[in-house]
Amino acid sequence: MAESRPAVESPEVWTVARILDATTPFLKQHGSDTPRLDAQILLAFVRKCSRIELYTNFNTPLTDAERAQMRDLVKRRSQAEPVAYLVGHREFFSLNFKVTKDVLIPRPDTETLVLEALEFAKTLVTPRILDLCTGSGCIAVSLAVSQPAAVCTVTDISPAALQIAQENAKTHKVADRMEFLEGDLFAAIPGEARFDLIVSNPPYVPEGEIAALDPDVRNHEPLSALKAGSDGMLFLNPIIEQAGHYLTTGGLLALETGVEQAPLTAKALEAHSEFTEVRTVKDTGGRPRVILARRVG
Ligand SMILES: C[S@@+](CC[C@H](N)C(=O)[O-])C[C@H]1O[C@@H](n2cnc3c(N)ncnc32)[C@H](O)[C@@H]1O
């Protein structure tokens with residue numbers, strides 16, 4: 001939507017428009033790639049309104065309390081703190097997810113994994129789904145919302161992350177179809193449990209690449225959600241090794257990986273006797289990021 005400017009604006013008054021105009025170049029100068037959007041999201045949060053409502057209130061002066069809160073948030077954003085952590089939520093798969101510093105901020109790239117998993121889940125009457133390394137729960141909750149008959153088990157090694165996943169499940173009214181287990185990958189899953197679909201977006205950043213990540217990610221997101229050994233396969237390899245045991249015949253394993261881990265993951269699955277129909281899917285940016293494989297009969 002085009003921003004309609006106020007006809008007359010007093011330079012002394014800190015209106016919505018003036019705050020946005022002052023904040024945008026400041027955030028740009030401090031490294032934000034989306035300074036106007038950041039400023040709008042932060043100001044909408046401060047004013048407890050939608051971004052659209054900012055457009056219709058361009059002339060409205062901010063209260064002293066709003067200005068003080070905005071000043072604090074803009075300062076933190078200028079130090080690369082992600083907007084999602086500042087406002088406490090992020091949209092994923094058209095759903096709003098609570099996020100704190102205990103969870104990775106859901107990425108649009110991960111929607112590719114959800115879409116692929118959903119295509120498969122749709123073919124089943126009551127899909128039993130396992131989401132390993134659930135974090136905010138964005139993958140499992142999106143699947144449970146889209147598939148009202150699905151039942152999901154989710155695991156994470158972080159109790160704080162599981163707490164957020166549980167809150168998100170409650171918000172989206174799917175908690176009664178979800179089970180939350182704390183543990184290392186499959187450790188908390190009973191040996192006799194079987195799933196039609198196992199999804200995971202595990203940590204996959206090689207240790208040597210952590211230092212080169214954007215400061216937003218490196219300094220603010222949990223490193224335990226990112227770091228994955230020298231080649232990024234520290235979690236993907238054991239998942240590939242153990243998933244076959246927990247999948248039903250014909251069940252699907254759907255993994256998100258980094259670009260470098262995609263061919264390694266595909267190769268490991270192709271070499272594994274329990275898997276067939278290995279397929280690599282590109283994300284919306286055209287990069288190979290999702291690997292799928294079916295459990296042989
Ligand atoms: C890349 S984040 C993915 C979060 C979420 N699934 C998403 O797509 O946004 C990886 C998650 O794996 C969890 N994790 C790290 N090591 C783990 C382990 N050994 N077992 C289970 N979860 C683990 C982290 O706590 C983090 O929540």
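This is a predicted model: local features need pLDDT of at least 70, side-chain atom pairs count only at pLDDT 80 or more; totals for chains, interfaces and linings use all residues.
Me: Which residues make the contact between H1 and H2, and in which direction do the helices cross, left-handed or right-handed?
Reply: The crossing is right-handed. H1 contributes Val16, Ile19, Leu20, Thr23, Thr24, Leu27 and Lys28, while H2 contributes Pro35, Arg36, Asp38, Ala39, Gln40 and Leu43. Sorted by class, this contact of H1 with H2 has 7 nonpolar, 3 polar and 3 charged residues.

Me: What does H2 do with helix H4?
Reply: The axes of H2 and H4 (residues 64-78) come within 10 Å and cross at roughly 145°. This crossing is right-handed. From H2 the contact takes Asp38, Leu42, Leu43 and Val46, and from H4 it takes Glu66, Gln69, Met70, Leu73, Val74 and Arg77. The classes here are 6 nonpolar, 1 polar and 3 charged residues.

Me: How do you know that the span of helix H6 agrees with its number of residues?
Reply: H6 (residues 110-121) has 12 residues, and at 1.5 Å a residue they should span 16 Å. The expected span is 1.5 Å times one less than the number of residues. The end C-alpha atoms of H6 are 17 Å apart, which agrees.

Me: Which residues of H6 are buried, and what covers them?
Reply: The buried residues are Thr110, Thr112, Leu113, Val114, Ala117 and Ala121. Their cover includes strands S3 (128-132), S6 (195-200), S7 (247-256), S8 (275-282) and S9 (288-295), and helix H7 (138-146).

Me: What makes Lys48 exposed?
Reply: Lys48 has 8, so Lys48 is exposed. Lys48 is in the loop between H2 and helix H3 (51-55). Its phi is positive, about 50°, although Lys48 is not a glycine. Most residues other than glycine have a negative phi.

Me: How do you know that Ser94 is exposed?
Reply: The limit is 12 or fewer other C-beta atoms; Ser94 has 9 within 10 Å, and is therefore exposed. Ser94 is in the loop between strand S1 (89-92) and strand S2 (95-98), with a positive phi of about 60° although it is not a glycine.

Notes
Residues are numbered from 1 along each chain as its sequence is written. A crossing is left-handed if the near helix is turned anticlockwise from the far one by less than a right angle, and right-handed if clockwise. Helices (H or I, at least four residues) and strands (E, at least two) are DSSP runs, numbered from the N terminus. Two residues are in contact if their C-beta atoms, placed from the backbone, lie within 7 Å. Ala, Val, Leu, Ile, Met, Phe, Trp, Tyr, Cys and Pro count as nonpolar, Asp, Glu, Lys and Arg as charged, and the others, Gly among them, as polar. A residue is buried if 20 or more other C-beta atoms lie within 10 Å of its own, exposed if 12 or fewer, and partly exposed in between; C-beta atoms are placed from the backbone. Axes are lines fitted to C-alpha atoms, for helices over the stretch in contact, and angles run from 0 to 180 degrees between N-to-C directions.
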